[in-house]
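Okay, thanks for coming, everyone. Let me put the structure up and we'll walk through a few of its contacts together.

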Amino acid sequence: MASTDIDPSEITKWDPGLTEKVMGWLRPLIKGYHRAEVRGLDDFPLGGALVVSNHSGGLFPMDVPVFATGFYEKFGYDRPVYTLSHDMLMVGPTADFFKKTGFIRASRENADEALRSGGVVVVFPGGDFDVYRPTRSANKIDFDGRTGYIRAALAAGVPIVPMVGIGGQEAQLFLSRGTAVAKALGPIARMARTKIVPLSFGFPFGLSAVLPLNAPLPTKIVMKALPPVDITAEFGADPDIDEVDAHVRHVMQRALDELAAERRFPVIG
C-alpha cells in the first residue's frame with residue numbers, strides 16, 4: 001500500500017505533553033502498588049523498533065503502563081511509544097484519550113506508519129489468547145501461531161525487540177480461557193469479536209466470567225527488554241517466517257524462565 005493511501009490521523013494524534021502527565025499519574029501505581037521494574041533498556045535500539053511481548057493481566061493488563069513509564073523515564077518524550085490495540089479502544093468517549101497517549105488501531109498500515117516515523121511500537125501477538133492464559137501456563141510464551149509481527153518488522157525495515165513480563169498473570173487466578181463457552185454463544189461471541197469467555201477467581205467477588213470485575217492483586221511486575229533481533233542480518237534477505245518466530249519465542253521463553261527462577265513467592269515476587 002502506498003504511503004498516500006495511509007491515514008496517519010491516529011499516529012499524529014500522539015500528545016507528548018498529555019502522555020507525560022499520564023505517566024506522572026500512573027507512576028505511583030506502577031512503582032508503589034506493583035513495585036514494577038523495567039530491565040534491559042540500556043541496549044534499546046535507536047529509531048523505529050517493534051517491541052514484541054507476552055501479554056498478562058486479563059482485563060487489567062499492566063504491560064504497557066509498566067513499559068511506557070520505564071521507557072519514558074529513561075529516554076524522555078521525544079520518541080513516542082505506540083501500542084497496537086483492539087478496535088474497542090478506538091471508539092466511544094475515551095477513544096481520543098487513548099489515541100493521544102499512543103494507542104493505535106492494530107493494522108499493518110498503522111504499524112508501518114508508526115515504525116517508519118521512528119516510533120516504538122508495542123505488539124502482543126498472542127492478544128486475548130495470551131492475556132487470559134490459565135495460571136498453570138502463566139510462564140509460557142504462546143502466540144497461538146500468529147506471526148504477522150515479523151512481516152510488520154520486515155516491511156518497515158526495523159528490528160524486533162523481544163520483551164518479557166512476569167507477575168501480571170498473578171493478579172488473579174485464571175482458570176480457563178472459556179473457548180468452549182464462546183463457541184456455544186455463537187453469534188453473540190462473533191459480534192463481540194472474541195473467541196474466549198474467560199473464567200477467573202479473584203478479589204472481592206470470587207468467581208468471575210469477565211463479570212463481576214475483580215480487582216487486580218498488588219503483584220510485583222518485572223519486564224525485561226531483550227537484545228534486538230535484526231531479521232535480515234540474522235536470517236537473510238528472504239527469511240523463513242516460522243524460523244524467525246521460533247527464534248523470537250525461544251529467546252523470550254529462556255528470559256521468562258530466568259525471571260521465573262528469581263521469584264520466590266506469587267504476588268510478592
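Predicted model: local features only at pLDDT ≥ 70, side-chain atom pairs only at ≥ 80, totals over all residues.

Is Asp245 buried or exposed? Its relative accessibility is 7%, and the cut-off for buried is under 20%, so Asp245 counts as buried. Arg249, on the other hand, has a relative accessible area of 29%, so that one is partly exposed.

Why would side chains pair up like this at all? Well, opposite charges can pair when the charged atoms come close.

How many salt bridges does the structure hold? The count is 14. Let me pick out two more. Glu37 and Lys220 meet through their side chains, at 2.9 Å from N to O. Glu37 is in strand β1, residues 37–39, while Lys220 is in the loop between β9 and β10, so this pair ties together parts of the chain that lie 183 residues apart in sequence. Glu37 comes out as partly exposed because its relative accessibility is 29%, whereas Lys220, at 16%, counts as buried.

Then there's Arg39 with Glu262, another side-chain salt bridge, 3.2 Å from N to O. Here strand β1, with Arg39, is linked to helix α11, with Glu262, and the two residues are 223 apart. Both are partly exposed: Arg39 at 26%, Glu262 at 47%. And here's the bit I like: Glu37, Arg39, Lys220 and Glu262 are linked in a network of salt bridges.

Now to the inside. The largest nonpolar core has 64 residues, and the members touching the most others are Phe44, Leu50, Phe67, Tyr149 and Met252. Which helix gives the most to this core? It's our friend α11, residues 241–262, with 8 residues. Take Phe44 as an example: leaving aside residues up to four places away in sequence, its contacts include Phe67, Phe71, Phe75, Val120 and Ala225. Arg79 is on that list of contacts too.

Last stop, Gln172. You'll find Gln172 in the loop between β6 and β7.

Okay, that's my tour. Over to you.

Notes. Residues numbered from 1 in each chain as written. Heavy atoms only, no water. Core = buried A, V, L, I, M, F, W, Y, C linked by side-chain atoms within 4.5 Å. Buried < 20%, exposed > 50% of the residue type's maximum accessible area, 1.4 Å probe, protein only. Helix = DSSP H or I, 4+ residues; strand = E, 2+ residues; numbered from the N terminus. Contact = heavy atoms within 4.5 Å. Salt bridge = Lys/Arg side-chain N within 4 Å of Asp/Glu carboxyl O.
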